[in-house]
Amino acid sequence: MEYKHFSHEHNLSMYQVQPGQQFRCSGCDKFCDKTIYACWQCNFFLHEHCGNATRYIRHPFHAPHHLILCPYPTYPSNCFLCNACGTTGTRFSYCCALCEVDLHVNCAFLPPKVSHKAHPHELILNLSNQTGDHNDVNQMCKICRKSLDSKHWSYECRICANYGVHTLCATTEMKMGLYQMDDGDCSDQGAPMAQQGAPMAQQAPIDGQVQVELTPEEALALLHIMGLKANVNAASYV
């Protein structure tokens, strides 16, 4: 069965990763396990969740604009700084080019609540870029004991005062599909659409079928991103 993803020129096939095999995801740059989408010709691999990530989301962290799934950073440095975890990224991101907001795919779908063995109470995701009422610059993550930057997201205990942890320390879990579009339809998936005419191709959502109403500014930003991609693709053939 063959699939097509908007970020890659060749068809992808599904593959079950075997014990001992290591493939790095071209979407999030983390190692893959379980089922992946693969282009063996280019050594291009995607986690199932990265391959099926929705093209547009409405995220509460950045309510004014849609966040658009970009297959590469839109900055001259070819990297971005994730507003959620504060680490850099060089692959997929949910971005608002108008406001220079960027989120790793994994960070964009962090669960609102998590439990951790290091703490008896539920931890709540804080998107406010402030660690609750503890704005002390010396606030430490209660798990790794390293500095907890108030500019980035954290998980907090609402019962215990001054208990905060890094998102990366709290969980690796994702809740895909959390942030549906305004009309409640998030079927516009970034990938695995079936290659039309391919024998035995699995029928999956066809990219671009959902109508998403972008503001004029968002549309211009998207055209800018698409223009950058076209320039990169053209340069690769010179």
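Tyr 15 counts as partly exposed, at 24% relative accessibility, where buried means under 20% relative accessible area, exposed over 50% and partly exposed in between (1.4 Å probe, protein chains only). The model is predicted, so local features need pLDDT of at least 70 and side-chain atom pairs count only at pLDDT 80 or more, while totals for chains, interfaces and linings use all residues. Residues are numbered from 1 along each chain as its sequence is written, and side-chain values use heavy atoms, with hydrogens and water left out.

Trp 40 is likewise partly exposed, with a relative accessible area of 42%, whereas Phe 23 counts as buried at 12% relative accessibility. Rings of Phe, Tyr and Trp (its six-membered ring) pair if their centres lie within 6.5 Å, and planes under 30 degrees apart count as stacked, over 60 as edge-to-face and the rest as tilted. Two such pairs involve Trp 40:

| Pair | Centre to centre | Angle between planes | Geometry |
|---|---|---|---|
| Tyr 15 and Trp 40 | 5.0 Å | 90° | edge-to-face |
| Phe 23 and Trp 40 | 5.6 Å | 75° | edge-to-face |

Because Tyr 15 lies in strand 2 (residues 12-16) and Trp 40 in the loop between strand 3 (35-39) and strand 4 (44-47), their pair ties together parts that are 25 residues apart in sequence; strands here are DSSP runs (E, at least two residues), numbered from the N terminus. Ring pairs link Tyr 15, Phe 23, Trp 40 and Phe 45 into a cluster.

Terms used: Helix = DSSP H or I, 4+ residues; strand = E, 2+ residues; numbered from the N terminus.
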